[in-house]
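My notes follow in the order I worked.

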Amino acid sequence: MSTRRRLPFISAAILLFLSLPPPLSATNSHDQQHQNHESDPISRFRNYLRINTAHPTPNYAAAVNYLTAFAATIPTLYTQTLYLTTPDKPLLLVTWPGSNPSLPAILFNSHLDSVPAEPSKWLHHPFAAHLAGDGRIYARGAQDDKCIGMQYLEAIRELKKSNLDYTPLRTVHISYVPEEEIGGFDGMMKFVESREFKELNVGFVLDEGQASVSDEFRVFYADRSPWHLVIKARGPPGHGSRMYDDGAMENLMKSVEMMMKFRESSFDLVRAGLAANSEVISVNPVFLNAGIRSNDGFVMNLQPSEAAAGFDIRLPPTADPDQMRRRIAEEWAPVWRNMTYEITEKGPLRDYQGLPLMTATDDSNPWWTVFNQAIAAAGGKLAKPEILASTTDARFMRQLGIPTLGFSPMKNTPILLHDHNEFLQDTVYLDGIKVYEHIIRVLSSFDGDSITELQNKMSRL
Ligand SMILES: [Zn+2]
């Protein structure tokens, strides 16, 4: 426990406020518009963005304090901070109790952390949350995914503001988890294994999605699973002038050639428009390690006895992992070519029933229907559901068989997650709050196919 966490809550909030950079001078109409309303949604969003939760030293305590203080201003919300690993990795849970707590709850998830940023490559400092004259808010995390974290709370605030007595039928939870950007193993993975998570009785989850460059919102029903593959070849060393069989380099190059052919055949499908990037297995070389070092480079007249190469492999849920393992063992790193390999699987591939980690996007999933109704009620349009090319915490919920969709309401927005100059337009952010008002209202009032839900739940026990 840090000294800071032991301070009474108010003091911590004041400390946090004092630690924020001084307010930016009003240099444009957007800033002038917002500066007089310290408590408006844009100011609150910018204050959240100013908390540096980038790896490798994310300030989770400040982010949790800030969100807790905001949630405390919204009637009937209560918060709990969980420490599922170490005291420096808190997880914040916000709850809006429903009138029928026996119905499975809805969970809205967002992660507290972000990837690092290189300030020298940005137009504006990545943690100043600069609001430009055209309404763009520049900050690391503006799209990924501090926008949704604040929008969830803002939407509930609006629902309560328009009707103080409004109570959802189902309980609504919001989770703010640490460590997503480094795999979620000390964050969401621990959370779904916890007693606290089981007690929430979650029936449906909305997690982060990605920006859409068109007028339609994107929605994701699966992630790809990452594998880190390292292959190693060994062979007799020899003079650089000699030709002989089974040298380490020769064996490694044979494998690399085969793997590049496989990569081409996947990529050809994408190039021909027959599959999306995220629907094929990707195999990308990330390192080569061979050669004997000399003072000015490498020894050139010596063929080394060892060589290795590393690959980032991503498997869509439709891929057969056993077939992939066989391919690696028999073709890409076979013992008979004096090769060894190591696969590090970065997360689950199948759910508790052995089924691919996918959420159904048809009538078989009542939540899909309800989600569509909510988007329609918000006046929005959904693009064709997609598999996410990368990986999010959604996989840990899907592993439990809980229907989970990835969704961030950012349309007509360039995709800038993990990029320099990540920004979100102020109007897109404000529209997103409205979208969540509809989503939260429609989902939480779904009285549901309780029998299906109960069966799903029973089969998970
Ligand atoms: Zn994210």
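I started with Thr344, which is exposed, because 9 other C-beta atoms lie within 10 Å. The cut-offs I use: 20 or more other C-beta atoms within 10 Å of a residue's own make it buried, 12 or fewer make it exposed, and anything in between is partly exposed, with C-beta atoms placed from the backbone. This is a predicted model: local features need pLDDT of at least 70, side-chain atom pairs count only at pLDDT 80 or more, and totals for chains, interfaces and linings use all residues. I number residues from 1 along each chain as its sequence is written.

Thr344 sits in strand β16 (residues 339-345). Strands (E, at least two residues) and helices (H or I, at least four) are DSSP runs, numbered from the N terminus. I then looked for partners of Thr344. Not counting residues up to four places away in sequence, Thr344 touches Trp227 and His228. Contact here means C-beta atoms, placed from the backbone, within 7 Å. Val230 is 114 residues from Thr344 in sequence, yet 8.6 Å away in space, C-alpha to C-alpha.

**Annotated site**

Which residues does the UniProt annotation "binding site" cover? The unreviewed entry lists His111, Asp144 and Glu208. UniProt positions are in the numbering used here, feature names are shortened, and annotations may be inferred rather than shown by experiment.

I checked His111 next. His111 is in strand β3 (residues 105-111). His111 is buried, because 27 other C-beta atoms lie within 10 Å. Leaving aside neighbours within four places in sequence, the contacts of His111 include Asp145, Glu181 and Asp393.

Asp144 lies in the loop between β5 and α6. Is Asp144 buried or exposed? Asp144 is buried, with 27 other C-beta atoms within 10 Å. Leaving aside neighbours within four places in sequence, Asp144 contacts Ser114, Leu417 and His418.

**Backbone checks**

Most residues other than glycine have a negative phi, and most peptide bonds are trans. I looked for exceptions.

A cis peptide bond joins Asp144 and Asp145, with omega about -10°. Asp145 is in the loop between β5 (136-138) and α6 (146-162). The bond from His55 to Pro56 is also cis, with omega near 15°. Pro56 is in the loop between α4 (41-49) and α5 (60-71).

Glu179 is not a glycine, but its phi is positive, about 70°. I find Glu179 in the loop between β6 (172-177) and α7 (188-193). Glu179 is buried, with 23 other C-beta atoms within 10 Å.

Asn412 has a positive phi near 50°. Asn412 lies in the loop between β18 (404-406) and β19 (423-425). Asn412 counts as partly exposed, because it has 14 C-beta neighbours inside 10 Å.

**Helix pair**

How do α4 and α6 pack? Their angle is about 140°, and their axes are 10 Å apart. Axes are lines fitted to C-alpha atoms, for helices over the stretch in contact, and angles run from 0 to 180 degrees between N-to-C directions. α4 and α6 are therefore oblique to each other. Angles under 35 degrees count as roughly parallel, over 145 as roughly antiparallel, 65 to 115 as roughly perpendicular, and the rest as oblique. Pro41, Arg44, Phe45, Tyr48 and Leu49 of α4 make the contact with Lys146, Met150 and Glu154 of α6.

Notes. Contact = placed C-beta atoms within 7 Å.
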